[in-house]
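Let's take a walk through this structure together. Have the sequence and the model open side by side, and we will go from confidence to packing to charged pairs.

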Amino acid sequence: MINNSIKMRRRNGILLAMLGACLWGIMGIFVKELSTAGYSSYDIAFLRCLLAGIGYFTIKAIKDPEILKIDIKGFFICLLYGILAYAMGFVCYGIALQRIPVAVATVLMFMSPVWVAILGVFIFHEKLTVKTIIIIGLCILGATMVSDVFSSSNNRIDFLGILAGVVNGFGVALQIMIPRYYENRYKRDTMLVYGFLGAALGLSIFADFNCILSSFRFSDVGNVLLNIVCLGLLCTMVANVSMVKATEYIETTTCSILSSLEVVVGAFVGVLIFKETMSWVQILGAIIVVLGSLGPTLLESKQPNIS
């Protein structure tokens, strides 16, 4: 009975992490629509966090208002969490996109499993096994192939762009690690609510409010609002909540590895929605990511628990 309960919890964690990764993967659909409407990457990031924060605050205020109670110190910790994990990552990703190829920036973002594994060793005293190192390496290799980074080798890559991409990947790792670090003091839902709002506060410095307000005067305002809602509620609130809650059931390193499915989903969205094409290298990379992230995780969950 205990063994079945452990398997069920692990399965729930895997499904939550996969849901978060898939929702991140379809995010490009709504980002592209809003970019066409004149929004910058900073405007989009601000609206994502603002809507996610307001939405999750409203849900918790109705269903579980106790979650919203927090001391002053915890409140500022949550705000700092949002600024460091979300706002910093989004801003650095925007800088990276301006200075280096998109493919390179995407791969640098998926260095997050490496950061999660390293932080796990130093902060939580976890053991970094050879299998984990191999899986992380496979996922990064697959993400590199899917992003077609090799075709970008002739483009000029500057140091600031690379640094911004690395910091963005570190920010993605912090999204998972910080709530786990404070799990004995503050609930994950509490940190997420105020973290989203803290990120929106930090990103408001870079947002162009004139652009945002003027977009609501277009005849296609319904489509703009729909894309903002889908991006803020589905691809940010639901996706990030799923990923953070997954760490209640599975290891943070496993959760981070499963997040690499985002790049595969994003690639197939490009093929199916935007009629892009994938080379054999990209298809092989997608297979490597799926096998590297899901294969060992699912096999491990089927192993008997011998005490």
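Predicted model: local features only at pLDDT ≥ 70, side-chain atom pairs only at ≥ 80, totals over all residues.

How far can you trust what you see? The mean pLDDT of the protein is 83, and 88% of the residues score at least 70. Confidence is highest in H9, at 94, and lowest in helix H5 (residues 102–109), where the mean is 68. Over residues 301–307 the pLDDT is below 50, and in the model this stretch has six contacts beyond near neighbours in sequence.

Now look inside. In soluble globular proteins, nonpolar side chains tend to be buried together. Here the largest nonpolar core has 47 residues, and those touching the most other members are Tyr 39, Tyr 81, Tyr 86, Met 191, Leu 192 and Leu 203. Several helices each supply at least two residues of this core, among them H3 (41–63), H4 (72–99), H8 (159–181), H9 and H11 (221–246). Take Met 191 as an example: leaving aside residues up to four places away in sequence, Met 191 touches Ile 77, Cys 78, Tyr 81, Ile 178, Pro 179, Tyr 182 and Tyr 186. A second, separate core has 24 residues, including Ile 14, Ala 21, Val 172 and Met 278.

Turn next to the charged side chains. A search of the whole structure finds six salt bridges. In one of them, Asp 189 pairs with Lys 245, with the closest N and O atoms 3.2 Å apart. Asp 189 sits in helix H9 and Lys 245 in helix H11, so this pair ties together parts that are 56 residues apart in sequence. Asp 189 counts as buried, at 9% relative accessibility, while Lys 245 counts as partly exposed, at 24%. Lys 60 joins Asp 189 and Lys 245 in a network of salt bridges.

Arg 188 forms a salt bridge with Glu 248, the closest N and O atoms being 4.0 Å apart. Because Glu 248 lies in the loop between H11 and helix H12 (252–258) and Arg 188 in H9, the pair links parts 60 residues apart in sequence. Arg 188 is buried, at 11% relative accessibility, whereas Glu 248 is partly exposed, with a relative accessible area of 33%.

Finally, visit Lys 69 and Glu 66, whose closest N and O atoms are 3.1 Å apart in a salt bridge. Both Lys 69 and Glu 66 are exposed.

Note on methods
Residues numbered from 1 in each chain as written. Heavy atoms only, no water. pLDDT = per-residue confidence, 0-100. Helix = DSSP H or I, 4+ residues; strand = E, 2+ residues; numbered from the N terminus. Contact = heavy atoms within 4.5 Å. Core = buried A, V, L, I, M, F, W, Y, C linked by side-chain atoms within 4.5 Å. Buried < 20%, exposed > 50% of the residue type's maximum accessible area, 1.4 Å probe, protein only.
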